[in-house]
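Dear colleague,

Please find below the structure that I am handing over to you, together with its sequence. I would be grateful if you could read the notes that come after it with the model open.

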Amino acid sequence: MSHLKRLEEESIYILREVVACFKNPVMLYSIGKDSSVMLHLLIKAFYPQKPPVPLLHVDTLWKFREMIEFRDKRVKELGVDLIVYSNPEGIKMNINPFVHGSKIHTDIMKTQALKKALDKYQFDAIIGGARRDEEKSRAKERIFSFRDKNHRWNPKNQRPELWNLFNTHINKKESVRVFPLSNWTELDIWQYIKEENIPVVPLYFAKKRLVAEYEGAEILIDDDRVPEEIKKRAKEKMVRFRTLGCYPLTGAIESNAKNLDEIIEEMKLSKNSEREGRLIDKDQEGSMERKKIEGYF
Amino acid sequence: MREDLLRFITCGSVDDGKSTLIGRLLYDSKKIYEDQIQQAKNETKKYKNSEDEIDFSLLVDGLQSEREQGITIDVAYRYFSTKKRKYIIADTPGHEQYTRNMATGASTADLAVILIDARKGVLTQTKRHSFLVTLLGIRNIVVTINKMDLVNYSKERFFEIVEDYKKMFEKLKFSLPYKDFHTQIDYIPISALKGDNVVKKSKNMNWYDGEALLSYLDNVKILKSNFTSFRFPVQYVNRGFDFRGYAGNIASGEIEKDDKIIIYPSKKESFIKDIIYPINPENKTFQKSKAITLTLKDEIDISRGDLITKEGEIQPKFNDSFEAMIVWMDEEELQNREYILKIYTKETNATISRILFKKDVNSWEKIESKRLRLNDIARVQIDLSEKIAFDFYEKSKKTGSFILIDKITNNTSAAGMIVGESTKHKKKRIYSPSEIALNQFIREQFPEWGCKSIEEIEE
């Protein structure tokens, strides 16, 4: 399948361009399937040396437990550097998505936390795993996407991007977000994971799990913080997750896909987009675009 | 199963039905999901005050600010795949003021789909779109004549437009800066709205014996330049204990172990010691790839931006001046100062020393001009602060294209394609007395810097 090879070549080129042109780059590592592919490409790009880029995980403290286990295991196996950051203010305020809602939780524990982490470490290039096929407002995103000193994205003032000639010039305090997987689709990601034998969090595979209905989604009873009235409704179901985020905000789908082949087959037949399970995208119309302007990835 | 990647650009004006065509391709190839369709249905009600089932353009138009204005203002990329190919569509708006976006979308495309409204025929914008995509080096064009349902699926009307387009294109060829530019142009009568000849062959046009658009795209052979000389821009020097490799993507040609190579700009020679392909960390296997790391047999000082070529093959031009077609992309017009020129992985200082002529994108006439503004296209002479290796764009896109970056705003001000060698000598830089004194001072006080004298440079 030569198209995966071509996507790989393009992504490796982008990753090397970041390291060659920026002083202090970082890769956002969200532990999901796209991050797994990005990390794999990062190691390939700089072989035989260790990648000269640390990983940053913005931990909202509400991620699935299996995600955190997987993160720590992978980092050890691959010998890469990982920075974990949680918003100290959010910790103080005891932000809880069940109490404060998805909007406040996402804003404080994700968007604000990311901005704070970037300010603290002064990263000038932040590599992220977003893909253009994920959502309409992403379709026009550049591969090297410029952010002002307040980390804001201005959809009307983006640099034209021609050929593979990326403009990497920025002033002090400004930064770029770089998306090496821009041209990959969800199907490409899974096919590549299969072809390259890349480990992913087991939550992607169907299994009997204890889930309960919450705000229109089936969420996993992942720990004791789930309120009693939701727990009461919990039932065991054969489910898997198409995307991974904070467990109270990520809906499971009923599925029997237990391995990569079955996931790929299911995807080809799927009638809904992968973001459908994400509660945070539905707050309001155009909400992804709005979040991006504010500094969300 | 052979699966390949085809990138194409769609060019059409506001009412040509471009969004409908793309929406139809995505919808019929099942790339649009039900939740997205539901969202588009809700928005159809909101923005169009229409109870129509679904407005395809809302399905594909991305940003809220644009939707509210009802226009597409930027390049959007869409994805779908068939059993044969993966497709990336660069969806660009057709308004005159958006030459910049069309050039952007065309720069990475292998093929252009040009839409013509069957009622209107070949218009000024058809000329503009055809000029821009060929200027950017696209050799495969599919002219889709849309809204055939509104001309009663008329065979005569279709062939009339085909003839008009052919005549137009004959003239266009002479206004391109390329000498040996072969193209493949095909024509398909469609109705994007009704679905005729988009994914399925239409029963309404039995007189048409060609393929529907999608199967055409699945089978079309992409014409490329026949340039096969090895070009490897050094992107990143990968250093470690006891290791020094040169990482980058092969721009053209092939290389093997023990091949003799030449490094520009130093013109030093060496041999390939090893080619390192990206190794899978999970199982330590690798496949051939364009993304490689080279090691050499000699210890030579090589840095990012150097170009490695193979001995015995066609060598690049090596000069500090050339002529190029450029598209001005900055809100701020051309200034009489230095810009940063980025060509492959190399950056250097550049000035536009001469505007030979500006080109009208609609009439293709040459216009004399001293100024360049947003969306202008011009043939210019570019002078550089040092000699660099380059090829003509027609031969090698990757070593013949560049961007100009504004040193003050950091904007991408222009994109260019190298089309010729300079006919006039580069203007000599004039040094002020203080610069001459500074040069002398450095040479006397810091001989260990190895600073050249100004006279030496001027020779």
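The notes below describe the chains, the helix packing, the aromatic contacts and some points of backbone geometry.

Please bear in mind that this is a predicted model.

**The two chains**

Chain A contains 9 helices and 10 strands. Of its 297 residues, 64% are buried. When contacts in chain A between residues at least 6 apart in sequence are considered, 75% of them join residues at least 24 apart.

Chain B has 10 helices and 20 strands. It comprises 459 residues, 59% of which count as buried. For contacts in chain B between residues at least 6 apart in sequence, the share that joins residues at least 24 apart is 70%. Helix H1 of chain B (residues 18-28) is largely enclosed by the rest of the structure, because 9 of its 11 residues are buried. Among the buried residues of H1(B) are B:Lys18, B:Arg24 and B:Leu25.

Two packed helices are described by the angle between their axes and the distance between the axes.

The axes of H1 (residues 2-21) and H2 of chain A come within 9 Å and cross at roughly 70°. H1(A) and H2(A) are therefore roughly perpendicular to each other. On the H1(A) side the contact involves A:Glu8, A:Ser11, A:Ile12, A:Leu15, A:Arg16 and A:Val19, which meet A:Met38, A:Leu41, A:Leu42, A:Lys44, A:Ala45 and A:Phe46 of H2(A).

H2 (residues 33-46) also packs against H6 (residues 186-196) of chain A, with axes that come within 10 Å and cross at roughly 55°. This angle makes H2(A) oblique to H6(A), and the crossing of the two is left-handed. The residues of H2(A) that meet H6(A) include A:Val37, A:His40 and A:Leu41, and their partners in H6(A) include A:Ile189, A:Trp190 and A:Ile193.

H6(A) in turn packs with H8 (residues 260-269) of chain A at an angle of about 165°, the axes being 10 Å apart. H6(A) and H8(A) are therefore roughly antiparallel to each other, and their crossing is left-handed. The contact is made by residues including A:Leu187, A:Trp190 and A:Lys194 of H6(A), and A:Leu260, A:Ile264 and A:Met267 of H8(A).

Over all chains, the structure holds 31 aromatic pairs. One of these is formed by A:Trp62 and A:Phe98, whose ring centres are 5.9 Å apart and whose planes stand at 75°, so the pair is edge-to-face. A:Trp62 lies in the loop between strand E2 (55-58) and helix H3 (65-78) of chain A, and A:Phe98 lies in helix H5 (residues 97-121) of chain A, so the pair ties together parts that are 36 residues apart in sequence. A:Trp62 is buried, at 4% relative accessibility, and A:Phe98 is buried with a relative accessible area of 15%.

Ring pairs also place A:Trp62 and A:Phe98 in a cluster with A:Phe64, A:Tyr214, A:Phe241 and A:Tyr247. In chain B, the charged end of B:Lys366 sits over the ring of B:Phe357, at 4.7 Å from its centre.

**A proline that touches both chains**

A:Pro160 is located in the loop between strand E5 (144-147) and strand E6 (175-178) of chain A, and counts as buried at 11% relative accessibility. Leaving aside residues up to four places away in sequence, A:Pro160 touches A:Arg142, B:Arg100, B:Thr104, B:Met329 and B:Thr412. The C-alpha atoms of A:Pro160 and A:Arg142 are separated by 8.0 Å, and the two residues are 18 residues apart along the chain.

**Backbone geometry**

The peptide bond from A:Tyr47 to A:Pro48 is cis, with omega near 5°; A:Pro48 is in the loop between H2 and E2 of chain A. A cis peptide bond also joins B:Tyr264 and B:Pro265, with omega about 10°. B:Pro265 is in the loop between strand E10 (260-264) and strand E11 (268-276) of chain B.

A:Ile31 is a residue other than glycine with a positive phi, near 80°. A:Ile31 lies in the loop between strand E1 (25-28) and H2 of chain A, and is buried with a relative accessible area of 0%. Phi of B:Asn410 is likewise positive, near 65°. B:Asn410 is found in the loop between strands E19 (401-406) and E20 (412-421) of chain B and is buried, at a relative accessible area of 5%.

With kind regards

Methods
Residues numbered from 1 in each chain as written. Chains lettered and ligands numbered in written order. Predicted model: local features only at pLDDT ≥ 70, side-chain atom pairs only at ≥ 80, totals over all residues. Heavy atoms only, no water. Phe/Tyr/Trp six-rings, centres within 6.5 Å; stacked < 30°, edge-to-face > 60°. Helix = DSSP H or I, 4+ residues; strand = E, 2+ residues; numbered from the N terminus. Buried < 20%, exposed > 50% of the residue type's maximum accessible area, 1.4 Å probe, protein only. Lys NZ or Arg CZ within 6 Å of the ring centre and 35° of its normal. Axes fitted to C-alpha atoms, helices over the stretch in contact; angles between N-to-C directions. Parallel < 35°, antiparallel > 145°, perpendicular 65-115°, else oblique. Left-handed = near helix turned anticlockwise from the far one by under 90°. Contact = heavy atoms within 4.5 Å.
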